[in-house]
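Hi,

I am passing a structure over to you, with a few notes on what turned up in it. Have a look whenever you have a moment.

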Amino acid sequence: MSLNANGLLRNSRHLLLNDFDEEKISSLVNSKVLIVGVGGLGCPAAQYLAASGISNFRLVDFDKVEESNLPRQILYGPLDVGKYKVEVGKRILKNINPAVNVIAETAKADSENLPYWIEWSDLVLDCTDGFQTKHLLNQLCVRQKIPLIIGSAIQWEGQLFVVHPKESEFACYECIFPISSGAEDASCGAFGVLSTAVGTIGIFQANETIKILTGTRVVKNQLILFDARSLSVQIIKVIKRSGCSVCDFT
Ligand SMILES: [Zn+2]
């Protein structure tokens, strides 16, 4: 589907970039993005992606807005406390861009519902703070060959990792953080998190989403570590792990 006059005007500054043309922007606009978790990561990611023109979102979160969410979960305001995050998120994203369609899923993501939602999507954002959910998303996205952008943040630090099963020799989340390592969830409710640190990772996720959906560039096999206190980014090269139970099909 090509862009209409409004779409061309809205995307005029993107179209000035050498990497983009009308076909790529049209592909971005018509993409379907699944966002699992609409908290400190999912809010800024969804906000930027809706503003950037993506038309189809599926938001998944079972939580209601709490007062302590407000410093970093920027889709919500004080009047939204007690309401379901996905319902408020749907309304706000429509305000940002009336052309978007948002499916709101008030549910906990699990092995029953995720395969259907991943099947629906062109790309998945993991915006959860659960180690088990990240591994489940990794397994399913590798199996279903859908790109997955994993974000996490705690205290002053954040991480970003892209799993791109359509690329050759891609590394997956299991390659670098084996589930057998027994790592446990580090929730911001227990350890705290700087609002702008988690927000930066959410915007990094939106950044990589735009690049993948426009076919611009894929940052694969790199673990990105962000430290908000020193304002530094460290890039760790990783490789596909031979014998990985998730992605090594040989
Ligand atoms: Zn792997």
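The protein chain has ten helices and eight strands; these are DSSP runs, with helices being H or I of at least four residues and strands being E of at least two, numbered from the N terminus. Its radius of gyration is 17 Å, close to the 18 Å that the globule rule gives for 250 residues, so the chain is as compact as a globular protein of that length. That radius is taken over C-alpha atoms, and the rule is 2.2 Å times the number of residues to the power 0.38. Along the principal axes, the C-alpha atoms of the chain fill a box of roughly 50 × 40 × 40 Å.

Two notes on the numbers. This is a predicted model, so local features need pLDDT of at least 70 and side-chain atom pairs count only at pLDDT 80 or more, while totals for chains, interfaces and linings use all residues. Residues are numbered from 1 along each chain as its sequence is written.

Now the sheet. Eight strands form an open sheet with mixed pairing, in the order S3-S2-S1-S4-S5-S6-S7-S8; two strands pair if DSSP finds at least two bridges between them. Strand S3 (101-105) and strand S8 (232-237) are at the edges with a single partner strand each, so one side of each has no neighbour in the sheet. From one strand to the next, the twist averages 15 degrees.

Some of the pairings in detail:
- Strand S5 (residues 148-154) and strand S6 (residues 157-163) are antiparallel over seven bridges, and Ile150 has Phe161 in S6 as its bridge partner.
- S6 pairs with strand S7 (residues 222-227) in the antiparallel sense over five bridges, with Asp227 in S7 as the bridge partner of Glu157.
- S7 and S8 are antiparallel over six bridges, and Gln222 stands opposite Lys237 in S8.
- S7 and S8 form a hairpin with four residues between them, and Leu231 in the turn has a positive phi of about 50 degrees.

Next, helix H4. Which helices does H4 pack against? One of them is helix H5 (residues 85-96): H4 (residues 42-51) packs with H5 at an angle of about 35 degrees, their axes 9 Å apart. Axes are lines fitted to C-alpha atoms, for helices over the stretch in contact, and angles run from 0 to 180 degrees between N-to-C directions. Ala46, Gln47, Ala50 and Ala51 in H4 meet Gly89, Leu93 and Ile96 in H5, where contact means that C-beta atoms, placed from the backbone, lie within 7 Å.

Another is helix H10 (residues 195-213), which packs with H4 at about 40 degrees, the axes being 7 Å apart. H4 and H10 are therefore oblique to each other (under 35 degrees counts as roughly parallel, over 145 as roughly antiparallel, 65 to 115 as roughly perpendicular and the rest as oblique). From H4, the contact uses Gly42, Cys43, Pro44, Ala45, Tyr48 and Leu49, and from H10 it uses Gly199, Gly202, Ile203, Gln205, Ala206 and Thr209.

Happy browsing, and write back with any thoughts!

Technical notes:
Two residues are in contact if their C-beta atoms, placed from the backbone, lie within 7 Å.
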